[in-house]
Amino acid sequence: MDNILFLSSFVFIPLVMLFGLWVARSINQVRGVMVAGSTALLALSVYLTIRFLGDRAAGIADEMLYTGAISWFEPLNIKYSVGVDGISVAMLLLSSVIVFTGTFASWQLKPLTKEYFLWFTLLSMGVFGFFITVDMFAMFMFYEIALIPMYLLIGVWGSGRKEYSAMKLTLMLMGGSAFLMCGIFGIFYGSGAATMNIVEIANQTGGAHAIDFTQQCIWFPLTFIGFGVLGALFPFHTWSPDGHASAPTAVSMLHAGVLMKLGGYGCFRIAMYLMPEAANELGWIFLILTGISVVYGAFSACVQTDLKYINAYSSVSHCGLVLFAILMLNQTACTGAVLQMLSHGLMTALFFALIGMIYGRTHTRDVRELNGLMRIMPFLSVCYVIAGLANLGLPGLSGFIAEMTIFVGSFQNADTFHRVLTIVACSSIVITAVYILRLVGKILYGTCTDEHHLKLTDATWDERFAVICLIVAVAGLGMAPLWVSDMISTGVVPIVDHIKEVAVVSTSNPFM
């Protein structure tokens, strides 16, 4: 029970925040609730990380720590089961950082500030709940809680074609949810385990062989696509650029920084872990699709003229790398996939925060209308350069260590098919460098000819605080990645080992 209360604090704190926001009567009270709640979540995630590392160092080798369960719906043996490993601890830490910085990035948001933060907090609650649960049904419930607020957050507080973008995002993600629900119940009935606990299904006698191989080949694509839609899997990615472009700043930060990570996390934790034979048999199909996502997203970013669309297509490319690495089925690549989730979450949150701050002053995101910003707003411009360098993989920043781990792990597969795909995916580094360097040169340097832009001011204290926190996190992960990598490996190794033990290489697979 103590473990349940401890991990459930990640859900209880947002619930308390929702009540506090509901009774708040002024903008200052709303801001106070958000700062107090987001700070508590950040402190809790830091404490969890330190405690987790200490327990692992002390030799506690359980696959999941701080586990607990309460019966929820007895006929289907659905339980509120909680537990964390190195992967989920890293995701909780990322989520708390984005929520904390997103609060300050939305400091000046108007109108309907109270209502905005209510939906923002509900979205955060769904994300935290998803990462602490190990019951498939509970994960699906929190997954839906995280998705539903996006419609209103974009449709009401967004910009541009916000109604169209909100509807498109919601319908496509709900379509993915339909696939996902079919996959989850297929796993439940196919496993014969009479439980929806992921670890119990994986560790039951016979492992994943308890799910018939034919059934695996049905439920694996449904589950992978269901989560992959949120992870911007080609060709189901089209909601992402429109959604990002229309969302308000902090929602874009949380959406791209954390919400899209639910896709990669779910693919690894459920689809790959519970159906390794099908993953081995059908993985080549999704490897091709993810490879297309990586290159297509980078090329698409090159031809965009809207700052948010550039970053949105860049996110398609970088999130494609996450799914690409997971499908390589080895420890190094999968560790790189989680590092990429962390790195991209921080980088894209930083990018969207800066874009929102620039747009709030210039009232345009069109690259053709922006130039000479370095002289007008030097703080925001320097931060934008740092974000760009992290995005293109400069050594010393988070992007480099994540992408290098992915490509080294991917190249460990000695067959021609995997190595050719890895080389193709590596080309995205060059393409990313092209659009980032062109973008930085265009909007930051040169001579500003717009008289309105010449009168603009630089970042305020709240904006500086949010941006500096994200830059410190990006630089910290890039310069001291070992402790994070080791923590992640404690969660990756059991899953990869299980996949290797159970998966049977089929002679019908032409690429294995």
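## Overall build

Helices (H or I, at least four residues) and strands (E, at least two) are DSSP runs, numbered from the N terminus. The chain has 21 helices and two strands. This is a predicted model: local features need pLDDT of at least 70, side-chain atom pairs count only at pLDDT 80 or more, and totals for chains, interfaces and linings use all residues. Residues are numbered from 1 along each chain as its sequence is written, and side-chain values use heavy atoms, with hydrogens and water left out.

The C-alpha trace spans about 70 × 55 × 45 Å along its principal axes. The radius of gyration, taken over C-alpha atoms, is compared with a globule rule of 2.2 Å times the number of residues to the power 0.38. For 512 residues, a compact globule would come near 24 Å; the chain has 22 Å, which agrees.

## Burial and contacts

Buried means under 20% relative accessible area, exposed over 50%, and partly exposed in between (1.4 Å probe, protein chains only). Of the 512 residues, 63% are buried. Contact means heavy atoms within 4.5 Å. Among contacts with a separation of 6 or more, 81% are between residues 24 or more positions apart.

## The nonpolar core

A nonpolar core is a set of buried Ala, Val, Leu, Ile, Met, Phe, Trp, Tyr and Cys residues joined through side-chain atoms within 4.5 Å. The largest one has 183 residues; Phe-220, Phe-224, Met-272 and Tyr-384 touch the most other members. Helix α14 (residues 331-362) gives the largest share of this core, 18 residues.

Thr-348 also lies in α14. Thr-348 is buried, at 1% relative accessible area. Beyond its neighbours within four places in sequence, Thr-348 contacts Ala-256, Gly-257, Asn-311 and Ser-315.

The expected span of a helix is 1.5 Å times one less than its number of residues. Helix α8 (residues 213-230) has 18 residues and reaches 26 Å from first C-alpha to last, close to the 26 Å expected. A bend is the angle between axes fitted to the seven residues ending at a residue and the seven starting there. α8 bends by about 25° at Trp-219, and Pro-221 follows within four residues. The buried residues of α8 include Phe-220, Pro-221 and Phe-224.

Helix α12 (residues 276-302) should span 39 Å with its 27 residues; its end C-alpha atoms are 36 Å apart, which agrees. A kink of about 60° is centred on Leu-282. In α12, 21 of the 27 residues are buried, so the helix is largely enclosed by the rest of the structure. Leu-282 is one of the residues that Phe-220 touches; Met-272, Met-275 and Phe-286 are also among them.

## Backbone exceptions

Most residues other than glycine have a negative phi, and most peptide bonds are trans. Tyr-66, in strand β1 (residues 65-73), has a positive phi near 60°. Tyr-66 is buried, with 8% relative accessible area. Leu-112 has a positive phi near 50°. Leu-112 sits in the loop between α3 (86-105) and α4 (113-132), and is partly exposed at 46%.

Just after α8, Ala-232 takes a positive phi of about 65°. A cis peptide bond joins Phe-234 and Pro-235, with omega about 5°. Pro-235 is in the loop between α8 and α9 (239-246).

Asp-497 lies in helix α21 (residues 482-502). Asp-497 is partly exposed, at 36% relative accessible area. Asp-497 and Tyr-273 are 224 residues apart in sequence, yet 9.7 Å apart in space, C-alpha to C-alpha.
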